[in-house]
Amino acid sequence: MQYKLCEIADIVGGTCVGNDVVINHVFVDSRNCIHSTETALFVALRGERHDGHDYVEELYAKGIRNFIVNKTFPAENVAGGNIVFVDDTLAAIRAVAANYRDTFAFPVLGITGSNGKTCVKEWIYQIFRNVKTVSRSPKSYNSQIGVPLSVLMADSASDLGIFEAGISLPGEMARLERILHPDKGIFTNIGDAHQENFADIERKIVEKLRLFKKSKLLIYCSDYTALHKVISESEHGYSTFVWGNGDGCDLKILSKTGMPNKTVIKTAVNNSVLGDKIGREQEFAIPFSDLASVENAMHCIAFALSEGLDINLLKTGLANIAPVAMRLELKEGINKCTIINDSYNSDVNSLTIALNFLDGLTLYGKKTLILSDIMQSESDEKKLYRQVSQLLRSRGISRFIGIGEALERNSGYFIANSNIPDCKFYRDTDRFLQHCNKAGFNNEAVLLKGGRQFRFEKISRLLEIQVHQTVLEINMNALVDNLNYFRSKLNGGVKLMAMVKASSYGLGSTEIAALLQYHRVDYLAVAYTDEGVNLREAGITMPIVVLNTEPDNFDIMIDYRLEPEIYSINSLVTFLKTASGMGISDYPVHIKVDTGMHRLGFVENDLPELCSILKNRQEIRVASVFSHLAASDESKHDKFTASQIEKFEKFRNAIKKEIEYSFIGHILNSSGIERFPEAQFDMVRLGIGLYGIGIGTDSKYPACVGTLSSAIVQIKRIDAGETVGYGRHGKAAVPTTIATVPIGYADGLNRKLGNGKGYFTVNGKPAPIIGNICMDACMIDITGIDAEEGDRVIVMGDVPSVSEIAEATGTIPYEVLTGISQRVKRVYVSD
């Protein structure tokens with residue numbers, strides 16, 4: 001992409017002020033500017049929770065000079081900037097993307113549907129990448145913002161473009177069609193996703209079909225009867241290529257033969273043109289056995305046939321398609337390292353996204369990138385690796401390790417990059433492993449970004465801390481979704497404090513704190529001083545409140561800029577004494593008042609003395625006054641909750657009247673945010689809701705964040721009457737198949753779940769725990785479940801849920817989460 005700024009102004013109908021510079025990169029997230037500041041253009045978008053205009057000055061201070069902003073934006077704030085003023089910045093980025101799309105000399109494939117869009121896109125890319133230069137949407141960039149960004153990332157010299165388009169509301173697809181107007185289309189399937197926003201399934205199908213308004217060909221499966229009916233009965237200008245199990249399809253499935261990790265699909269080609277060209281019957285083998293993969297593969301086959309791809313190339317490509325890993329994994333590494341494993345794909349756009357993720361890890365001063373050759377059909381190899389080296393220039397990469405013959409040939413671009421002090425190159429992964437010094441990786445973030453054929457899992461295994469098969473997987477995207485869900489309930493200007501005490505409720509403190517800092521929450525809160533110290537030493541710079549303060553640690557809190565909760569006259573006097581002795585003034589403190597919880601906090605009788613001290617001492621400044629609701633999640637106590645809120649307001653007003661300066665007031669916790677929106681005051685505190693536990697006011701949120709899983713290590717068949725486990729409490733009433741799973745009470749699995757009170761999920765089916773739970777293992781009944789040794793077992797996640805386990809053991813979700821042992825490895829995943 002290359003435009004002059006005044007060209008962009010003409011395209012979007014805006015007014016250009018400043019220099020007419022050349023633009024070759026557009027971005028909308030102020031945290032993710034990685035290209036040259038001279039040629040990058042920031043588009044300030046307004047959303048429900050954030051306004052990009054709030055970050056223009058910050059970007060200007062970092063060297064960005066080119067902006068698209070709303071006409072009302074005060075230009076004097078960025079004097080010397082090159083600015084395009086428009087009525088609607090989102091409409092502007094769409095217009096630029098649509099204009100760039102019109103310059104494409106290559107055909108565009110558009111993909112929509114309820115599921116499978118990303119997988120189909122990636123498999124088509126894998127099949128065609130050795131014969132065509134393919135530009136495609138990175139990851140799942142299929143939204144109203146993702147689509148224009150995807151188009152603007154495309155290489156104008158490509159042979160094929162593949163873009164996803166997803167919608168959730170009526171009217172959205174027409175806007176995406178104006179950008180993409182694909183030459184060919186794939187409608188993967190139709191399901192219930194976002195159905196609540198459409199009158200019926202037919203209306204949703206009609207809306208999605210708008211993407212193909214100007215297309216020449218649409219590929220779909222006639223087995224989705226509602227989809228087939230709507231297309232068959234509608235007027236449209238495109239031809240169709242239909243596949244399915246029924247007669248009359250252009251490509252009919254005759255049989256599917258499943259075997260371990262493989263399916264052979266036998267098809268009949270009923271399209272006369274194709275049939276004469278490739279033969280009427282064809283067999284295709286894919287290295288997957290699930291039905292969803294078969295469906296996705298059939299879309300790929302149909303598209304490849306429509307493109308006239310050589311049948312042998314198609315069969316070879318299908319036999320070698322790789323799983324689509326649509327997320328990055330964070331794992332604990334050796335020598336206090338964090339390993340970021342991104343095996344999604346290897347191209348410039350996905351590298352950009354992975355580097356953005358690496359930027360969000362503020363915990364490490366040292367960052368290492370291990371990159372393989374980028375396996376794409378780029379005719380100009382030197383141009384490709386020059387672009388990659390430029391991409392790394394402003395990213396703070398301390399060490400670059402290139403693996404592959406192409407990177408070796410082009411090593412000079414990286415060595416010449418003075419911003420990367422340490423560069424090394426290896427012909428292949430095995431040579432790197434032969435020369436790798438594990439001790440050389442220490443207290444750093446290591447990003448692994450490699451094509452599948454380079455087998456970077458070998459490097460990952462080398463650098464990870466080796467632990468047993470039981471893993472707690474934390475879905476960072478779900479956590480951010482939960483954060484945004486609760487943010488959407490807040491009034492304008494209301495701040496948010498996120499609770500990360502007790503290692504973020506057992507899910508891991510530093511990684512989650514870094515993510516929350518990246519997403520600009522206003523405060524973090526921990527229980528004890530040492531938790532706050534750990535966060536500071538890990539690179540967390542945002543305000544941190546310590547809730548359970550201990551007078552002996554006040555000096556440490558000041559040294560580490562931790563803000564104390566002050567809950568009594570004694571704690572206040574002691575902190576003042578410490579602050580005075582250290583020559584501190586205006587130190588932020590948080591005043592806790594007791595409105596009925598009766599745990600910690602000032603009571604009404606303390607008010608006169610409290611106010612007298614606060615208004616006469618210069619060592620401290622009240623940052624906030626707050627209280628804690630005792631039962632906001634239970635409707636039977638709503639009258640009591642209302643009385644707490646009323647008492648708090650009186651406390652707050654009394655203190656405000658005496659000290660005569662403003663401070664933050666807050667009382668709502670997670671359930672309070674959902675049930676008492678009138679009491680948001682100036683800030684809310686988000687705790688358990690952030691981590692996936694709610695009160696059920698919304699069927700989708702909060703989303704499950706943590707999934708505790710293990711694996712079957714042994715399967716046995718026992719006869720009726722035989723017993724299982726310590727004490728012989730598990731007894732088989734009939735011939736039974738049992739599986740041993742390496743998780744026990746030392747991992748945090750409550751013994752009360754034994755003897756059938758609890759269950760795990762194996763291949764989508766419940767498997768009751770049989771017998772007593774042991775320290776390091778337990779046994780489950782998998783009779784009637786198709787399972788093998790090595791199969792994954794869900795101990796806790798969507799099913800069974802944390803709340804379900806808590807109810808079965810007579811406790812609360814907090815205890816279940818925080819009780820997961822530290823010997824269970826935490827793995828952080830992100831799309």
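Okay, let's start with some aromatics: Y3, Y100, F104 and F106 are joined into a cluster by ring pairs. Before I go on, keep in mind that this is a predicted model.

So, how many aromatic pairs turn up in a search of the whole structure? The search gives 18. One of them is F400 with F414, and that pair is stacked, with 4.5 Å from centre to centre and 5° between the planes. Are they buried or exposed? F400 counts as buried because its relative accessibility is 0%. F414 is also at 0%, so F414 counts as buried too.

While we're on rings, here are two cases with a charge over the face. R399 puts its charged end over the ring of F441, 4.2 Å from the ring centre. K656 does this with F663, and there the charged end is 6.0 Å from the centre of the ring.

Now for the nonpolar cores. The largest has 141 residues, and F400 shows up again here: along with L516, L524, I591, F760 and I780, F400 is among the residues with the most contacts inside that core. Which helix gives the most to this core? That's α18, residues 476–487, which puts in 7 residues. There's another core lying apart from it, made of 50 residues, including A92, L209, L211 and L218.

Skip the residues up to four places away in sequence, and I591 touches I566, F602, L610, L614, V622, S624, V625 and F626.

Just after α20, you'll find R520 with a positive phi of about 60°.

Next, the sheet. It's open, has 5 strands with mixed pairing, and the order is β2-β7-β6-β5-β4. Which strands stand at the edges? They are β2, residues 15–17, and β4, residues 25–27; each has a single partner strand, so one side of each has no neighbour in the sheet. From one strand to the next, the twist averages 20°.

Walking in from β4, we get to β5, residues 40–43. β4 and β5 run parallel and are joined by 3 bridges. Two residue pairs to click on: H25 stands opposite A40, and F27 has F42 as its bridge partner. Keep going, and β5 pairs with β6, again in the parallel sense, over 2 bridges; there V43 stands opposite I68. β5 is covered on both faces, with A40 and F42 buried on one side and L41 and V43 buried on the other.

What lies across β2, β5, β6 and β7? That's helix α1, residues 5–12, and α1 runs at about 5° to β7.

Staying in β7, have a look at N82. N82 counts as buried because its relative accessibility is 5%. Leaving out residues up to four places away in sequence, N82 touches L5, V17, G18, N19, V21, R65, N66 and F67. For a sense of scale, N82 and E604 are 522 residues apart along the chain, and their C-alpha atoms are separated by 57 Å.

Last stop, Y567, which is found in the loop between β27, residues 562–566, and α23, residues 569–581. Y567 comes in at 19%, so Y567 is buried. Neighbours within four places aside, Y567 is in contact with T549, K592, L600, G601 and F602. And F602, remember, is one of the residues that I591 touches. Finally, Y567 and D798 are 231 residues apart in sequence, with 39 Å between them in space, C-alpha to C-alpha.

That's my tour, thanks.

Notes
Residues numbered from 1 in each chain as written. Predicted model: local features only at pLDDT ≥ 70, side-chain atom pairs only at ≥ 80, totals over all residues. Heavy atoms only, no water. Phe/Tyr/Trp six-rings, centres within 6.5 Å; stacked < 30°, edge-to-face > 60°. Buried < 20%, exposed > 50% of the residue type's maximum accessible area, 1.4 Å probe, protein only. Lys NZ or Arg CZ within 6 Å of the ring centre and 35° of its normal. Core = buried A, V, L, I, M, F, W, Y, C linked by side-chain atoms within 4.5 Å. Helix = DSSP H or I, 4+ residues; strand = E, 2+ residues; numbered from the N terminus. Contact = heavy atoms within 4.5 Å. Pairing = 2+ DSSP bridges. Axes fitted to C-alpha atoms, helices over the stretch in contact; angles between N-to-C directions.
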